[in-house]
Amino acid sequence: DGWSFDLLQQAFTALLNGARLIALSRDRCWMTERGLTLDAGPFVAALEYAAQVEARVAGKPSAAFFDGAVESLQLPAGTRRDEIVMVGDDLHGDIAGAQAAGFAAYLVRTGKFQEDQLASSGIVPDRILASVAELL
């Protein structure tokens, strides 16, 4: 809610003066009590476009994010990437990001899932679940 033209202008000016753009994510939206709400991605894209820079992404959908998450699990030595599954409701940040990092990705039809995006995105989840309860 704190985003404003003035804040974007400050960030734009900082980028023009040599600052680096580091983003926590490129997520397009997230589900709130108000419904789907803009996330960081649209603001990152606007700043990249305006300042002609490329953001370094520390969160989804970067492979580094998924690698860090897997590291934090402290899995047994020898666990292969193809034995790890990421479950999420975001086609771009969760599913495509995990697949690009070499993990299987299951899409859950809850949260911010939208049927029309699945049909038009070209992203093919490894499995589609009605809810996480199907994992049991």
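Ala, Val, Leu, Ile, Met, Phe, Trp, Tyr, Cys and Pro count as nonpolar, Asp, Glu, Lys and Arg as charged, and the others, Gly among them, as polar. Keep in mind that this is a predicted model.

**Exercise 1.** Sort the lining of the largest pocket by class.

Solution. Start with the space itself: the largest pocket has a volume of about 200 Å³. Next, list its lining: Asp1, Gly2, Trp3, Trp30, Arg34, Thr37, Leu38, Asp39, Ala40 and Phe43. Now apply the classes. Five residues are nonpolar, two are polar and three are charged. Finally, look at the elements: β3 and α2 (40-51) each supply at least two of the lining residues.

**Exercise 2.** Describe how strand β2 pairs with strand β3.

Solution. Locate β2 at residues 29-32 and β3 at residues 35-38. The two strands run antiparallel, and four bridges join them. Then follow the chain from β2 to β3: a hairpin of two residues makes the link.

**Exercise 3.** Find the cavities of 30 Å³ or more and class the lining of the largest.

Solution. The search of the whole structure gives one such cavity. The space in the largest cavity is about 90 Å³. Its lining includes Arg28, Cys29, Asp89 and His92. By class, three lining residues are nonpolar, three polar and four charged.

**Exercise 4.** Where in the protein chain is confidence lowest, and where is it highest?

Solution. Begin with the whole chain: mean pLDDT is 92, and 100% of residues reach 70 or more. Confidence is lowest in β2, with a mean of 86. Helix α1 (residues 5-16) is highest, at 97.

Technical notes
Residues numbered from 1 in each chain as written. Predicted model: local features only at pLDDT ≥ 70, side-chain atom pairs only at ≥ 80, totals over all residues. Heavy atoms only, no water. 1 Å grid on protein atoms, 1.4 Å probe; cavity = no way out; pocket = protein on both sides within 12 Å on 5 of 7 lines; lining within 4 Å. Points joined across faces, edges and corners; volume = space filled by probe spheres on them. Pairing = 2+ DSSP bridges. pLDDT = per-residue confidence, 0-100.
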